[in-house]
Amino acid sequence: MRWLTLYARSRQIPASLAAVVISAVAVGALARDGGGGPGDPRLPVLVLATGAMAVSIGLSGQDLALDRTAAIRWVSRRAAHVLLCGAVVGTVLLTVQAMGEDMATTAFVVRDSAGLMGLVALGAVLSGGQYAWTLPFAWLSFSFFAPPPTSAPMQVASWMLLPPSTAAGTWTALVLAVAGTAAYAVAGPRR
């Protein structure tokens, strides 16, 4: 149990969790004030993306050389870390939603939190833990300002905002989640 406490502190999990909860509560308050109409996916996506970006800092440790030379198997721990972070981010949104305004369906939350955590994991592999947030931030920014998704490439590009029953959105999120988690579990964060 002691190694779990040390691991959580080294990955800045308490601070990340506080940021996830604060952002979800703030956006939940915006939803109550009429910040988006019913069925508007922008607010829940903003909560999920902010949460994924907040936990991204924990995808690299304090000393990468020490992590790489440790005599433990990192593959399963890294994969579990990404999956657990995605579950926590989605659960926080569903909890805030249960106490107030209904912003998104459970299928929407699961799909988007999985896809965003895959993006964060890919960002950690490509850019390191401190810049892992840039990939989901860039994709979210594009999705908010992109033209309506009438073609298949635009549906893939704006997968975060599509209804959960859209095949292109679901497959894009699934591919991002699997590829990001696998790449991060095997390669770890960039130095």
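1. Let's start with how the chain folds back on itself. Residues 24 or more positions apart account for 74% of the contacts in the protein with a separation of 6 or more; contact here means heavy atoms within 4.5 Å. Please keep in mind that this is a predicted model, in which local features need pLDDT of at least 70, side-chain atom pairs count only at pLDDT 80 or more, and totals for chains, interfaces and linings use all residues. Residues are numbered from 1 along each chain as its sequence is written, and side-chain values use heavy atoms, with hydrogens and water left out.

2. Next, the overall build. The protein has nine helices and zero strands. Helices (H or I, at least four residues) and strands (E, at least two) are DSSP runs, numbered from the N terminus.

3. How much of the protein is buried? Buried residues make up 46% of the 191 residues. Buried means under 20% relative accessible area, exposed means over 50%, and partly exposed lies in between (1.4 Å probe, protein chains only). The protein exposes about 9,800 Å², and carbon and sulfur atoms supply 70% of that area. Accessible areas come from the Shrake-Rupley method with a 1.4 Å probe; for residues, only the protein chains shown count as cover.

4. An α-helix has 3.6 residues a turn, so residues three or four places apart point the same way.

5. Ala 15 has a relative accessible area of 51%. The C-alpha atoms of Ala 15 and Val 55, 40 residues apart along the chain, are separated by 8.7 Å.

6. There is also a nonpolar surface patch of about 390 Å², made by Leu 17, Val 21, Val 25, Leu 84 and Val 88. The elements that give two or more residues to this patch are α2 and α5 (74-99), and α2 gives the most, with three residues. Leu 84, in helix α5, is exposed, with a relative accessible area of 57%. Patches are made of residues with over 30% relative accessible area and no salt bridge: like charges are joined within 9 Å, nonpolar side chains (Val, Leu, Ile, Met, Phe, Trp, Tyr) within 5 Å.

7. How many salt bridges does the structure hold? There is one, where the side chains of Arg 111 and Asp 112 meet (2.9 Å, N to O). A salt bridge is a side-chain nitrogen of Lys or Arg within 4 Å of a carboxyl oxygen of Asp or Glu. Are these two residues buried or exposed? Arg 111 is buried, with a relative accessible area of 7%, and Asp 112 is buried at 0%.

8. Finally, visit Ser 158, in the loop between α8 (152-157) and α9 (167-187). Ser 158 is buried, at 4% relative accessibility. Leaving aside its neighbours within four places in sequence, Ser 158 is in contact with Ser 143 and Pro 149.
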